[in-house]
Each structure stands twice: as C-alpha cells, then as structure tokens.
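Morning, everyone. Let me put the chain on the screen, and then we will walk through it.

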Amino acid sequence: MSDEAEFHADRTQEFYLPAVVPAVPPQHGGAEVIEVAAYRGDTKFEREVIEKIAASAAKSVAGVAELGGDVARFFNSMLDKIGLDKVGDATRGVWAKVDGTDVEITVILVINAGEVVSDVTANVRHEVIEAVERYGLHVSDCTVKVDDIRLPEA
C-alpha cells in the first residue's frame, strides 16, 4: 500500500462535496423560463375553489339526493322561493380546510332511501379525493356525514 493511500493523523485530509445550488431564473425570456417557473412563486388555492370541486364530485355519485345539512337546505329553499335559486349552491354541504397543498374536506349529504349508506359514502369519498387531487393537492382527510335520507314521494 502506498504512502498516499494510508491515513495519517499528522496530515490534513481533504475531500470534496458537490455544492447544491438552486437554479437561478434566467435574466431574459425564452425557453429557459419554462424550466424555472416553479422558482418564481407559489400556487395557492382558496377554500371555496376546493369546496366547489368537492361538491361537484359528490353530486355526481349515484344515491346522493342533495348536499347540505337541515339548516343549509332550509335557507336554500327560502332563497329558491324568492328567485335566488343559484346562491350558495356551488359549495353548499362541503367544508374544506386548506393548509398549503394539504386539504381536509367534510361533505354533508342526503342520500336516497334504499341506498346502502356505506357504498354511497365510500363512492363520495373516492370521487371527492380523486377530483381534488387532480389539481395537485393532497387530501389528508375526507369525512362524509349523512344528514338525512330522502324518502320516495307518495
């Protein structure tokens, strides 16, 4: 073994680590701008956007009659009677908490009579999570609450 390869306490040992430096955005336009766009800011979602996405997904599930609890549905029926039938419909029955890219969602719904509750709620949970995560977010919790059952009208 050569003298160079052995460890000697009386000598300084040197080693090199490559430096990790974040990419610097270019000073001019062009194709380089696309590569470093992530370094120029953050994307933030408002709570209402997530609620609209989740509400739309939940309404699409077979067996879901309506979204919202008793009070929300009561006020919605009052708004319908005075001609404001679209006010609040987009997010009614859905609550979201957004923390960066992590989202917690609660869906309150009414199911049709005769439906298997566990099947409907599992399908709602699946559709809501899939719809929201398509936007690059992470759903950490999706709670589905059944507030009522819609009976068939006689």
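What pLDDT does the chain average? The average is 76, and 58% of the residues score at least 70. Residues are numbered from 1 along each chain as its sequence is written, and side-chain values use heavy atoms, with hydrogens and water left out.

Among the elements, helix H4 has the highest mean pLDDT, at 96. Helix H1, residues 32-35, has the lowest, at 53. A word of caution here. Where pLDDT is low, the predicted coordinates should not be read in detail.

Now the layout. The chain has four helices and four strands. Those are DSSP runs, numbered from the N terminus: helices are H or I with at least four residues, strands are E with at least two. Starting at the N terminus, the order is α-α-β-α-β-β-α-β.

How much of the chain is buried? Buried residues make up 26% of the 154 residues. Buried means under 20% relative accessible area, exposed means over 50%, and partly exposed is in between, with a 1.4 Å probe and protein chains only. The accessible surface of the chain is about 11,000 Å². Carbon and sulfur atoms hold 54% of that surface. Those areas come from the Shrake-Rupley method with a 1.4 Å probe; for residues, only the protein chains shown count as cover.

Next, contacts. A contact means heavy atoms within 4.5 Å. Take the contacts between residues at least 6 apart in sequence: 69% of them join residues at least 24 apart.

On to charges. How many salt bridges does the structure hold? Three. The rule is a side-chain nitrogen of Lys or Arg within 4 Å of a carboxyl oxygen of Asp or Glu.

Start with Glu-66 and Arg-150. Their side chains meet in a salt bridge at 2.5 Å, N to O. This pair links distant parts of the chain: Glu-66 sits in strand S1 (residues 64-67) and Arg-150 in strand S4, 84 residues apart. Arg-150 is partly exposed, at 37% relative accessible area.

Then Arg-134 and Glu-130. Here the N to O distance is 3.1 Å. Arg-134 is exposed, at 59%. Glu-130 is partly exposed, at 34%.

That leaves Glu-51 and Arg-47. Their closest N and O atoms are 2.8 Å apart. Why are the two separated by about one helical turn? Because they are four residues apart in helix H2. That helix covers residues 47-59. Is Glu-51 buried or exposed? Glu-51 counts as buried, at 3% relative accessibility. Arg-47, at 40%, counts as partly exposed.

A polar atom of the Glu-51 side chain lies 3.1 Å from the backbone nitrogen of Ala-96. A polar contact, by the way, is a pair of N or O atoms within 3.5 Å; within protein, one must be able to donate a hydrogen and the other to accept it, and residues adjacent in sequence count only if both atoms are side-chain atoms.

Let us move to helix H4, residues 117-133, where we find Thr-121. Thr-121 counts as buried, at 11% relative accessibility. What does the side chain of Thr-121 reach? It reaches the backbone oxygen of Ser-118, at 3.2 Å. Leaving aside residues up to four places away in sequence, Thr-121 touches Val-144 and Val-146.

Ala-122 is also found in helix H4. Ala-122 counts as partly exposed, at 36%. Ala-122 and Val-144 are 22 residues apart in sequence, yet 8.4 Å apart in space, C-alpha to C-alpha.

Last stop, the surface. Which residues form a nonpolar patch there? Val-117, Val-146, Ile-149 and Leu-151, with about 340 Å² of accessible area together. Patches are made of residues with over 30% relative accessible area and no salt bridge: like charges are joined within 9 Å, nonpolar side chains (Val, Leu, Ile, Met, Phe, Trp, Tyr) within 5 Å. Leu-151 lies in the segment after strand S4, which covers 138-150. Leu-151 is exposed, with a relative accessible area of 63%.

Methods: This is a predicted model: local features need pLDDT of at least 70, side-chain atom pairs count only at pLDDT 80 or more; totals for chains, interfaces and linings use all residues. pLDDT is the predictor's confidence in each residue, from 0 to 100.
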